[in-house]
Every structure is written in C-alpha cells, then in structure tokens.
Amino acid sequence: MAKTKRIGILTAGGDSPGLNAAIRGVGKTALGYYGMEILGFRDGFRGIVEDRRLKLDKSKLAGILTIGGTILGTSRDKPHRMLIDGRTRDMTSVIVENYGKLGLDALVCLGGGGTQKNALHLANAGLNVITLPKTIDNDVVLTDATFGFATALDIATEAIDRLHSTAHSHHRIIVAEIMGHRAGWLTLGAGIAGGADVILIPEIPYDVAKIADAIRRRSRHSANFSIVAVAEGAMSIDDARAFKAAEGKRERARTLHDKKEAKVELAALESRHTGNTMRLARQLEELTHLESRVTILGYVQRGGTPSPADRLLATRLGGACADLIHENVSGVMVAARGDGTEPVPLEKVAGKRKTVPPDHSWVETARRVGTCLGD
Ligand code: F6P
C-alpha cells in the first residue's frame with residue numbers, strides 16, 4: 001500500500017486577503033479528497049526552522065474561508081538570511097533537515113515575489129516545493145492574477161469613491177496613496193474603477209507641472225476638485241532618474257567599497273522618498289491654489305474579509321496544488337490561466353516582477369477617458 005503523503009504548508013511575505021481560503025483549498029483537497037496529512041508551519045520560513053508546526057485537521061480548516069490574514073501567521077524571513085539570536089544566518093540546511101525529519105513529501109509556500117525566490121532556493125536544496133501566487137500588488141509573473149489583488153482593488157476603489165464626495169464638497173485636491181512600491185496595478189485599477197482624475201504609478205515617472213496643469217484645466221472647464229491616486233512607489237522624473245543611476249551603480253559595483261557606497265546612496269534616496277505623497281500634495285497646492293489633503297490607505301488594503309473573486313481564485317489554486325502534489329509534481333508555482341490553472345517552473349518566476357507596461361491596455365483606457373498619468 002502506498003504511504004500516506006504528508007505535506008507542509010506556510011505563508012510568507014506580507015499577508016493578503018485570501019491566504020486562509022488558499023490554505024483551506026490546499027488542505028481540504030489534500031486531506032478530504034486525497035487522504036494526505038497536512039502540517040502548517042507558523043510565521044513563514046521561520047516556522048520550519050524552529051519547527052513551529054501545527055497539524056491542520058478538518059477542524060482547523062473549517063470556518064476560515066472568509067477570514068482575513070493568515071491563521072498560520074507570516075514573516076519576511078528568508079531561509080538563507082535569517083536573524084537568529086541577533087545574528088544573520090543561513091538556515092537552509094536546518095530547513096532541509098527538518099523537512100526530512102518530519103517525513104514531508106512536499107512543502108507548499110504561499111507568497112509573492114520574494115517567496116517565489118526563497119522557494120526556488122529550497123527547491124535547489126533538494127526539497128519538493130510548490131508555491132501559490134499571493135499579493136495585493138498583482139506583480140507575480142506568468143499568472144493571470146494573484147489572490148489578494150481583487151479584494152485590495154475593491155477596498156481602494158471604495159476609498160476613492162468616498163473621497164470624491166468630500167473633495168467635491170470642499171473644492172479640494174485629495175491625494176490618495178495606494179500600496180505598491182514597484183508595481184502600479186492596484187493604483188491603476190482602482191484609479192480607473194474609481195474615476196480618479198490623476199493616476200500616478202511607479203512605471204510612469206511624473207512631472208508635477210503637468211499634473212497641476214491637468215487639475216487647473218479641470219477647475220476651469222468642469223469641476224473645482226480633483227482626486228489623485230498615487231502609488232507608494234510613484235516618483236517624479238528627476239527622482240526616477242536618480243534611482244536608476246544609483247541602481248546602475250550598484251549593479252556595476254565590483255569592489256566592496258563601491259557596493260557599500262551604492263547601497264548608502266540608494267538608502268538615502270529611499271528615505272527621501274518616504275513622505276513623497278505629502279510633498280506632492282504640497283506642491284500641487286502651491287501650483288494650483290486649491291487646498292490639498294492626503295489620505296494614505298496603507299494596511300487597510302491588506303486586511304479583512306477576502307472578496308468572492310479572491311476566495312474563488314485561492315480555492316481553485318489550492319485545489320490544483322493538491323492535485324499536483326498527488327501527481328508528484330514539484331518545483332513549480334500554480335498559476336491562474338484563464339478558467340484553469342497551470343504549473344509554471346519556479347526558475348521562470350523567481351527574481352522577476354510583473355510591472356505595468358507603459359502601453360498596457362489599462363493605461364490606454366485611462367488616457368482615453370481623459371485621466372492624467374503625470375507624463
Ligand atoms: O507586497 C505587498 C505590500 O503590501 C506592498 O504593496 C507594500 O509596499 C509592502 O507590502 C509593505 O510591506 P510591509 O508589510 O513589510 O510593510
């Protein structure tokens with residue numbers, strides 16, 4: 001008789017709505033449909049290092065579909081660079097050892113871009129790893145979507161809807177900061193769905209003077225208020241140039257000294273970027289003479305009940321993940337493809353990011369309805 005398969009599961013990186021739905025999707029299919037055993041590890045990769053395990057039986061998997069966050073907890077710990085007793089250590093061999101000791105046949109890692117990279121690292125160390133794509137940023141390559149995005153899109157759109165009425169009443173500019181350091185999907189999607197007048201994303205550096213012109217034109221011809229949807233990582237043309245130069249320096253650096261110098265320069269630019277949304281609002285107030293206010297949506301976008309679309313996606317991906325484990329497939333991410341799913345080799349996903357192409361149809365759509373993209 002074939003041995004009962006035993007799988008481990010963990011959630012890593014920033015949390016997002018739909019993680020519990022995915023845990024349940026993997027767990028119920030693995031347990032109920034295939035008769036496997038399933039162990040959860042708490043707080044990301046640290047959970048398997050420190051053997052913080054928890055048996056996921058039927059009762060643990062019940063009632064979690066609609067709950068936000070992750071019942072397993074999460075962290076941004078990396079297997080090969082983990083802070084242990086005040087020291088950064090490579091814990092890969094400990095993970096490999098614990099995987100073996102626990103008799104695991106596969107390890108399921110739920111996460112975004114960083115997790116895909118860490119998962120590949122463990123696959124290269126010999127583990128049977130399988131991942132699911134999660135993040136509100138929707139920036140994982142080779143999948144139609146990531147779970148978490150649809151819910152965050154609902155939340156950010158609702159926020160923009162609500163900001164409209166107050167901006168209108170006070171004849172103000174309201175600058176709404178939406179999450180996304182490197183990818184603008186959430187800001188662009190919510191900006192279009194919420195009818196923002198200006199949408200600023202990291203992929204399209206902006207010129208403040210052009211934004212102010214668009215707002216002034218609006219004040220003269222249509223409405224004396226404006227909503228600006230700005231991604232966390234959006235930046236002016238000058239700042240984008242400075243970042244690019246510093247990143248180039250870091251990539252070209254050969255000596256330890258040059259590497260350190262480039263790192264310090266990048267850190268200084270990043271710290272200057274904090275507060276960018278406040279600065280932008282101030283600049284727009286000065287240039288347009290319209291009162292400006294800022295709303296930072298922040299972690300509200302990551303919390304709470306997942307939307308039906310995310311529950312459906314997470315359950316579909318979770319079920320497909322259990323199927324693949326049953327078929328002894330590993331070293332892949334379970335991607336969403338049309339109505340179905342598809343295993344994609346981790347090598348093709350790790351270290352890559354799906355950003356918004358400047359000629360993407362959403363960008364064109366926004367431009368054609370008269371939205372200013374800051375360029
Ligand atoms: O990756 C998801 C995300 O919410 C980004 O949109 C955001 O920039 C980042 O995580 C925030 O990270 P943290 O939770 O570490 O503050």
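Me: Into which domains is the protein divided?

Reply: In this predicted model, the protein is divided into domain 1, made of residues 6-147 together with 306-348, and domain 2, which covers residues 153-302. The centres of the two domains, taken over C-alpha atoms, are separated by 32 Å.

Me: How many residues of domain 1 are in contact with domain 2?

Reply: Contact is judged by C-beta atoms lying within 7 Å of each other, and here 8 residues of domain 1 are in contact with 9 residues of domain 2. On the side of domain 1 that touches domain 2, the residues divide into 1 nonpolar, 4 polar and 3 charged.

Me: Which residues touch the most other members of the largest nonpolar core?

Reply: This core has 55 residues, of which Ala-22, Val-108, Leu-317, Cys-321 and Val-334 touch the most other members. Helix H12, residues 308-326, supplies the largest share of the core, with 7 residues. Apart from this core lies another of 50 residues, among them Leu-163, Tyr-206, Ile-215 and Ala-229.

Me: Which residues is Ala-22 in contact with, leaving aside its neighbours within four places in sequence?

Reply: With those neighbours left aside, the contacts of Ala-22 are Leu-110, Leu-132, Lys-134, Phe-147, Ala-314, Leu-317 and Gly-318.

Definitions and conventions: Residues are numbered from 1 along each chain as its sequence is written. This is a predicted model: local features need pLDDT of at least 70, side-chain atom pairs count only at pLDDT 80 or more; totals for chains, interfaces and linings use all residues. A nonpolar core is a set of buried Ala, Val, Leu, Ile, Met, Phe, Trp, Tyr and Cys residues joined through C-beta atoms within 7 Å. A residue is buried if 20 or more other C-beta atoms lie within 10 Å of its own, exposed if 12 or fewer, and partly exposed in between; C-beta atoms are placed from the backbone. Helices (H or I, at least four residues) and strands (E, at least two) are DSSP runs, numbered from the N terminus. Two residues are in contact if their C-beta atoms, placed from the backbone, lie within 7 Å. Domain bounds come from an automatic or database domain assignment. Ala, Val, Leu, Ile, Met, Phe, Trp, Tyr, Cys and Pro count as nonpolar, Asp, Glu, Lys and Arg as charged, and the others, Gly among them, as polar.
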